[in-house]
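I opened this entry to keep a record of what I looked up in the model, beginning with the chain as a whole and then going through selected elements and residues.

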Amino acid sequence: MSGGSGGAASRFLRTTGQHAAIEPDAFTHGGYVLSIGGAEQSHVNLDRPEEIFYEYLRRIGHLVDLAAPAGQPIRALHLGAGALTLARYVQATRPGSVQYAVELERELLDFVLRHLPLPEGTDLTTIIGDAREALGELAPDLTFDVVILDIFSGPDAPAHIATSGFYREARQRLRPDGLLVVNVGDESALTLVRSQVAAMREAMADVAAFAEAGMFEGRYPGNIILAGTQGPWPEAWTAELTARGPHPARVLAGVDLDPYSG
């Protein structure tokens, strides 16, 4: 497969010892699915990168939409690259944005960029390494409108990243109005979600949680998006995100989020 067209392609990832595969999505024209170790990891629509297939990524996209006026270029840092779905979204919706992506697996990033080219004009700097180490090695004066962390895929999160210390370091990389967005994949008990809400609250001025409404009832595993702000959580964002969906959507902040803290 070359240039995002043709059949499937695969690559062995030496860091994790797993195989990555990119296959055309039979249900989406221009769509491709990245799988790692046999599990679907990312979905990319090369024809329409502004359209995001996975619900949790669409929710992150909505938060990015609110981080600055519509269409305005931003500076974004992606910790955990995957198939660069969100980097593609930012370029499509905010042309001229400057983006950085950190990925631990060199072979994965090379594989994705070779077979799923980025939208024309994308300004993306890729960094191979650990997310926390890379954060500290960026130029001291480099700050971002949004920092997105997407590496938590279950309750066994990297201990050195799932801490308030890491979130303080991430906050230092944010512009005064910058937004920290964290995707937390968790089991139904939401143990990791609770620990990360508590950790983010120690580092950020305010924190909100955004997810499919049933996730907060602890019925099944899934993804909850945490958003950390450097001032009070904007109440207007709660209504806006709830309206945007995917539905049914729910946003918790302030005292409503207290039961999910610690």
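**Whole chain**

I began with the contacts (heavy atoms within 4.5 Å): of those in the protein with a separation of 6 or more, 67% are between residues 24 or more positions apart. I note that this is a predicted model, in which local features need pLDDT of at least 70 and side-chain atom pairs count only at pLDDT 80 or more, while totals for chains, interfaces and linings use all residues. Residues are numbered from 1 along each chain as its sequence is written, and side-chain values use heavy atoms, with hydrogens and water left out.

I then listed the secondary structure, taken as DSSP runs numbered from the N terminus (helices H or I of at least four residues, strands E of at least two), and found seven helices and twelve strands in the protein. The radius of gyration is 17 Å, close to the 18 Å of the globule rule for 262 residues, so the protein is as compact as a globular protein of that length; the radius is taken over C-alpha atoms, and the rule is 2.2 Å times the number of residues to the power 0.38. Along the principal axes, the C-alpha atoms fill a box of roughly 50 × 45 × 35 Å.

For burial I used relative accessible area, with buried under 20%, exposed over 50% and partly exposed in between (1.4 Å probe, protein chains only); by this criterion 53% of the 262 residues are buried.

I also looked at charge, counting Lys and Arg as positive and Asp and Glu as negative, without His or the chain ends, and placing each charge at NZ of Lys, CZ of Arg, CG of Asp or CD of Glu. There are 20 positive and 33 negative side chains, and the centres of the two sets lie 2 Å apart.

Helix α1 (residues 55-66) has twelve residues and reaches 17 Å from its first C-alpha to its last, close to the expected 16 Å, where the expected span is 1.5 Å times one less than the number of residues.

**E103**

I next asked where E103 is placed. E103 lies in strand β6 (residues 98-103), and at 11% relative accessibility it counts as buried. Apart from neighbours within four places in sequence, E103 is in contact with G80, A81, G82, L108, L109, I127, I128 and G129.

**Backbone geometry**

Which peptide bond ending at P246 is cis? The bond from G245 to P246 is, with omega near 0 degrees, and a cis bond also joins H247 and P248, with omega about 0 degrees. P246 sits in the loop between α7 (235-244) and β12 (249-253), and P248 is placed in the loop between α7 and β12.

L84, in the loop between β5 and α2, has phi near 60 degrees and is buried, with a relative accessible area of 2%. L190 has a positive phi of about 60 degrees, lies in the loop between β9 (174-186) and α6 (191-203), and counts as buried at 2% relative accessibility.
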